[in-house]
Amino acid sequence: MSLQEVISYSNNDIVEWQEYKGVYECRVAIVKDDDGYIAYSLNLPGTASQGDTMEEVITNITDALEGTLEIHKANGKIPWREEIWFEGKIECEKRILVNA
């Protein structure tokens, strides 16, 4: 399975899969603006990216999530947020698997 593949498993399946494979399910809010799309991680504070197309923003946010997770794991703690919040108009919400 590609790490950039956007998926929609049930939450229970994701939790078991994450524990077994060391993969994180990251929820992402994507908004449209005048220059394209902006993606915000709903689980990792401060992680965001942009792109001209939906495909580009998904690729870019996946790269940003991988980098953020690597840094936090190296520091010994991932500031994972279980409670999801976002203010603003969401174009769509995606779930992205990230290997870390």
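**Note on the four-stranded sheet**

1. Four strands form an open sheet in the order E3-E2-E1-E4, and their pairing is antiparallel. Strands, like helices, are DSSP runs numbered from the N terminus (helices H or I, at least four residues; strands E, at least two). Two strands pair if DSSP finds at least two bridges between them. At the edges lie strand E3 (48-51) and strand E4 (92-99), each pairing on one side only.

2. The model is predicted: local features need pLDDT of at least 70 and side-chain atom pairs pLDDT 80 or more, whereas totals for chains, interfaces and linings use all residues. Residues are numbered from 1 along each chain as its sequence is written, and side-chain values use heavy atoms, leaving out hydrogens and water.

3. Strand E1 (residues 23-33) is joined to E4 by eight antiparallel bridges; Val28 has Lys94 in E4 as its bridge partner. Six bridges join E1 to E2, also antiparallel, with Ala29 opposite Tyr40 in E2. A hairpin of two residues links E1 to E2.

4. Between E2 and E3 there are four antiparallel bridges, and Ala39 stands opposite Ser49 in E3. The hairpin of E2 and E3 has six residues between the strands, and Gly46 in this hairpin takes a positive phi near 85°.

5. E2 is largely enclosed by the rest of the structure, because five of its six residues are buried (under 20% relative accessible area, with a 1.4 Å probe and protein chains only).

Technical notes: Buried < 20%, exposed > 50% of the residue type's maximum accessible area, 1.4 Å probe, protein only.
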